[in-house]
Amino acid sequence: MKRLRTLALFVLAALPATAEAHTGVGLHSHGFEAGFSHPFTGLDHMLAMVGVGLWAASLGGRARYLVPLSFMGVMVAGGLLGIAGIALPMVETLIAASVAAIGLVVLLNVRVPTPLASAFVGACALFHGHAHGAELPAMANQWGYVAGFVLATGLLHAAGLGLGMARFGNAEGLLRRAAGGLVAVAGLALFAG
């Protein structure tokens with residue numbers, strides 16, 4: 001448990017504060033490295049992925065791993081749709097809406113069965129994955145890119161889980177819900193902007 005919290009804090013400390021940087025180009029424009037860095041370059045992706053971990057932590061039990069795994073699996077499917085050039089409607093709008101929705105379920109401490117929570121985050125993940133895949137730079141190592149963004153997603157989920165499972169005495173539920181509120185507000189700002 002202590003290692004998970006330490007990892008979560010390390011990951012959060014290493015996050016840049018840029019928003020909606022969906023380029024996949026620049027100094028690290030190929031393979032695993034580009035895929036790994038991509039989720040850390042967009043505030044919308046980071047907030048959604050950390051939010052999923054926070055919600056999974058609050059749901060407890062098997063949801064702690066099934067909800068994040070559902071997000072990751074459907075994100076890969078969405079990424080493959082994007083790589084294949086299959087368009088989805090309103091991707092950026094729905095990504096922003098998903099950030100707000102994920103933040104709201106954490107803020108409101110929504111309790112649903114794990115399969116329903118998994119389906120909800122999966123629906124959100126489809127658009128996040130599509131954005132990753134559609135913006136995939138032309139490169140020889142597309143599977144390395146996919147592996148990189150899946151690993152980064154897992155680390156962001158772990159950061160959310162670590163934060164959500166951290167013990168803060170009587171304030172732990174309040175702090176988790178406050179974090180959800182911040183995610184929701186940021187999602188609404190992205191949606192409006």
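This is a predicted model: local features need pLDDT of at least 70, side-chain atom pairs count only at pLDDT 80 or more; totals for chains, interfaces and linings use all residues.
**Helix H4**

Helix H4 covers residues 63-83. Its buried residues are Ala63, Val67, Pro68, Ser70, Phe71, Met72, Met75, Gly78, Gly79 and Gly82. The cover over these buried residues includes helix H3 (43-59), H6 and H7. After H4 comes glycine 85, which has a positive phi, near 80°.

**Helix pairs**

Two packed helices are described by the angle between their axes and the distance between the axes.

| Pair | Angle | Axis distance |
|---|---|---|
| H4 and H7 | about 150° | 10 Å |
| H3 and H6 | roughly 165° | within 11 Å |
| H3 and H7 | about 45° | 7 Å |

H4 packs against helix H7 (residues 142-165) at an angle of about 150°. That makes H4 roughly antiparallel to H7, because angles over 145 degrees count as such. H4 passes H7 in a right-handed crossing. On the H4 side, Arg64, Pro68, Phe71, Met72, Met75, Val76, Leu80 and Ile83 take part. They meet Gln142, Trp143, Val146, Phe149, Val150, Thr153, Gly154, His157, Leu161 and Met165 of H7. By class, the residues of this contact of H4 with H7 are 13 nonpolar, four polar and one charged.

The axes of H3 and H6 cross at roughly 165°. H3 and H6 are therefore roughly antiparallel to each other. H3 passes H6 in a left-handed crossing. From H3, the contact uses Asp44, His45, Ala48, Met49, Val52, Trp55 and Leu59; from H6, it uses Ala117, Phe120, Val121, His128, Ala131 and His132. The residues of the contact of H3 with H6 comprise nine nonpolar, three polar and one charged.

H3 also packs against H7, at an angle of about 45°. H3 and H7 are therefore oblique to each other. The crossing of H3 past H7 is right-handed. In H3, Met46, Met49, Val50, Val52, Gly53, Leu54, Ala56 and Ala57 meet residues of H7, namely Thr153, Leu156, His157, Gly160, Leu161, Leu163, Gly164 and Met165. The contact of H3 with H7 divides into 11 nonpolar, five polar and no charged residues.

**Serine 118 in H6**

Helix H6 runs over residues 114-134, and serine 118 lies in it. Is serine 118 buried or exposed? Its relative accessible area is 11%, so serine 118 is buried, the cut-off being under 20%. Leaving aside neighbours within four places in sequence, serine 118 is in contact with Leu66, Val67 and Ser70. Val67 and Ser70 are among the buried residues of H4.

**Helix H5**

Helix H5 (residues 91-107) has 17 residues. From its first C-alpha to its last, H5 reaches 24 Å, close to the 24 Å expected at 1.5 Å a residue. Which residues of H5 are buried? They are Val91, Ile95, Ala96, Ser98, Val99, Ala100, Ile102, Gly103, Val105 and Val106. H5 is followed by asparagine 109, where phi is positive, near 50°.

Terms used
Residues are numbered from 1 along each chain as its sequence is written. Side-chain values use heavy atoms; hydrogens and water are left out. Helices (H or I, at least four residues) and strands (E, at least two) are DSSP runs, numbered from the N terminus. The expected span of a helix is 1.5 Å times one less than its number of residues. Buried means under 20% relative accessible area, exposed over 50%, partly exposed in between (1.4 Å probe, protein chains only). Contact means heavy atoms within 4.5 Å. Axes are lines fitted to C-alpha atoms, for helices over the stretch in contact, and angles run from 0 to 180 degrees between N-to-C directions. Angles under 35 degrees count as roughly parallel, over 145 as roughly antiparallel, 65 to 115 as roughly perpendicular and the rest as oblique. A crossing is left-handed if the near helix is turned anticlockwise from the far one by less than a right angle, and right-handed if clockwise. Ala, Val, Leu, Ile, Met, Phe, Trp, Tyr, Cys and Pro count as nonpolar, Asp, Glu, Lys and Arg as charged, and the others, Gly among them, as polar.
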